[in-house]
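Hi there,

Here is the structure I promised to pass on to you. Have a look at it first, and then read my notes below.

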Amino acid sequence: MFVRRIKVAQSHRTLVIRNGGIHAILKPGRHLVFVPPFVKVHTETHRLQKLVFRSRWADGLLDNRPDIAR
């Protein structure tokens, strides 16, 4: 078992991608993300100042996880 530390700046949001799917959206602050063995976890950070959200995860986020897209 591993824990990954992630710090998110005030004007940013970070997507946590676990095993090829969006797991969470992190708001500003310091976070600990649990990473089980043999699980791939990636992060993708976006600035809030940009008017357009460009990510390969955008469609899946809005279609499958509208609860965390707000």
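A residue is called buried under 20% relative accessible area, exposed over 50%, and partly exposed in between (1.4 Å probe, protein chains only). By that rule, 30% of the chain's 70 residues count as buried.

Two notes on the source: this is a predicted model, in which local features need pLDDT of at least 70 and side-chain atom pairs count only at pLDDT 80 or more, while totals for chains, interfaces and linings use all residues. Residues are numbered from 1 along each chain as its sequence is written, and side-chain values use heavy atoms, with hydrogens and water left out.

Now the overall layout. The chain has 1 helix and 5 strands, in the order β-β-β-β-β-α along the sequence. Helices (H or I, at least four residues) and strands (E, at least two) are DSSP runs, numbered from the N terminus. Among contacts (heavy atoms within 4.5 Å) between residues at least 6 apart in sequence, 57% join residues at least 24 apart.

Asn19 sits in the loop between strand S2 (12–18) and strand S3 (21–26), and its phi is near 50 degrees, a positive value in a residue other than glycine. Asn19 counts as exposed because its relative accessibility is 54%. Phe38 lies in the loop between strand S4 (29–35) and strand S5 (41–47); phi of Phe38 is also positive, near 65 degrees. With 87% relative accessibility, Phe38 counts as exposed.

Finally, Val3 belongs to strand S1 (residues 2–8) and counts as exposed, at 54% relative accessibility.

Enjoy exploring!
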